[in-house]
Amino acid sequence: MRSFDRALTRFLYKHPRFGIRNLMLYVIIGQALVYLIGIMDTTNTLYSYLVFNPWLIFRGQVWRLLSFVFIPMYTSVKDIFWLAISMYFYFFIARVIESRLGTGKFTVYYLSGVFFTLVYGFVLYALGIPSIYLNVSYINFALFFALATLLPDMQVLIFFFIPIKMKWLALIDALYFVYATVVTFPILPFLPLIPILNYFLFFGYVLSDRLKGTAKRANTRTEFRAKVARSENFERQKGYRHKCEVCGRTDAEYPDLEFRYCSRCSGYHCYCMDHINNHVHVAE
């Protein structure tokens, strides 16, 4: 994954103009147009010309390799509100991701998800499983994972007034993917896992590094607390907890005197309030 990212970065460095700026905007506009025309098309003729159908693709209808991208998740008039909300979030999230990754890398990320979905569709066709219900809904859903990896503490407003951080939204999205994998299995087995694999190809190493960094910080905090506790237990055995290393006063002799550990000293050194800012710092 890391080597793939390096190779992609080198390619994009050599081809700075590669990519489709605001790619998600074009996808959303296309889906909106298909939705508007589709609700007036009672015979579903439009959708029949756009769906992914390998049998017809092999017979010359190659536009179906791309046209299925523009089939919206919602096709009913009663779902127009949810369609508008989802399109807004997809555009917002994609714009932030594109600003962080760059136009070229985001274009490759999104189109590789489409490519893997196409490969999945042809595999189903080879197995004799109909694949006309393929769409990019799960690719769009996976954008939440990408943004949560890049900006986990970024806060968004659900329904424009409920604040939630991206890392929690991605967790909810992960639960939905588990549910969708079970529900769609009889029709399109394991389809939701395709964009997940695509996500790990691009962001797996970032997620791994972040988890390792979190674990390292947690271990550091645990070690620090353990060392302080051992130091305090040692001092208790002497009849006091804190002793100033400059003047020698202790909390047993001066119970009203405050003591602090110096963060600039190497190790754990205690000082009273009169010397916490007035002592020679201990170096390694």
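Student: In which loop is Asp256 found?
Tutor: This is a predicted model. In it, Asp256 sits in the loop between α11 (193-237) and β3 (259-261).

Student: Is Asp256 buried or exposed?
Tutor: Asp256 is exposed, because its relative accessible area is 77%, and the cut-off for exposed is over 50%.

Student: How many Å apart in space are Asp256 and Met24?
Tutor: The C-alpha to C-alpha separation of Asp256 and Met24 is 64 Å, and 232 residues separate them in sequence.

Student: Turning to the backbone, what is the phi of Asn22?
Tutor: Phi of Asn22 is near 60°, a positive value in a residue other than glycine. Asn22 belongs to the loop between α1 (2-14) and α2 (23-40), and with a relative accessible area of 32% it is partly exposed.

Student: And what about the phi of Phe190?
Tutor: Phe190 is not a glycine either, yet its phi is positive, at about 65°. Its place is the loop between α10 (166-183) and α11. Phe190 is partly exposed, with a relative accessible area of 43%.

Student: Now the surface: which residues make the nonpolar patch?
Tutor: Ile80, Phe81, Trp82, Phe159, Phe161 and Ile162 make a nonpolar surface patch of about 620 Å². Helix α6 gives the most to this patch, with 3 residues.

Student: Where is Trp82, and how does it count for accessibility?
Tutor: Trp82 lies in helix α6. It counts as partly exposed because its relative accessibility is 41%, which falls between the cut-offs of 20% and 50%.

Student: Moving inside, how many cavities of 30 Å³ or more are there?
Tutor: The count comes to 1 cavity of 30 Å³ or more. The largest cavity holds about 70 Å³ of space.

Student: Which elements give two or more residues to its lining?
Tutor: Those elements are α6 (80-101) and α8 (137-141). The largest share of the lining, 3 residues, comes from α6.

Student: Which residues line the largest cavity, and of what classes are they?
Tutor: The lining residues include Gln31, Met73, Tyr74, Leu83, Ser86, Tyr90 and Asn140. By class, the lining has 7 nonpolar, 5 polar and no charged residues.

Student: One last topic: how many residues of α9 are buried?
Tutor: Helix α9 (residues 143-150) is mostly covered, with 8 of its 8 residues buried. Among them are Leu143, Phe144, Phe145 and Thr149.

Technical notes. Residues numbered from 1 in each chain as written. Predicted model: local features only at pLDDT ≥ 70, side-chain atom pairs only at ≥ 80, totals over all residues. Heavy atoms only, no water. Buried < 20%, exposed > 50% of the residue type's maximum accessible area, 1.4 Å probe, protein only. Helix = DSSP H or I, 4+ residues; strand = E, 2+ residues; numbered from the N terminus. 1 Å grid on protein atoms, 1.4 Å probe; cavity = no way out; pocket = protein on both sides within 12 Å on 5 of 7 lines; lining within 4 Å. Points joined across faces, edges and corners; volume = space filled by probe spheres on them. Nonpolar A, V, L, I, M, F, W, Y, C, P; charged D, E, K, R; others polar. Patch = residues over 30% accessible without salt bridge, like charges linked within 9 Å, V, L, I, M, F, W, Y side chains within 5 Å. Areas by Shrake-Rupley, 256 points an atom, 1.4 Å probe, with all protein chains shown as cover. Salt bridge = Lys/Arg side-chain N within 4 Å of Asp/Glu carboxyl O.
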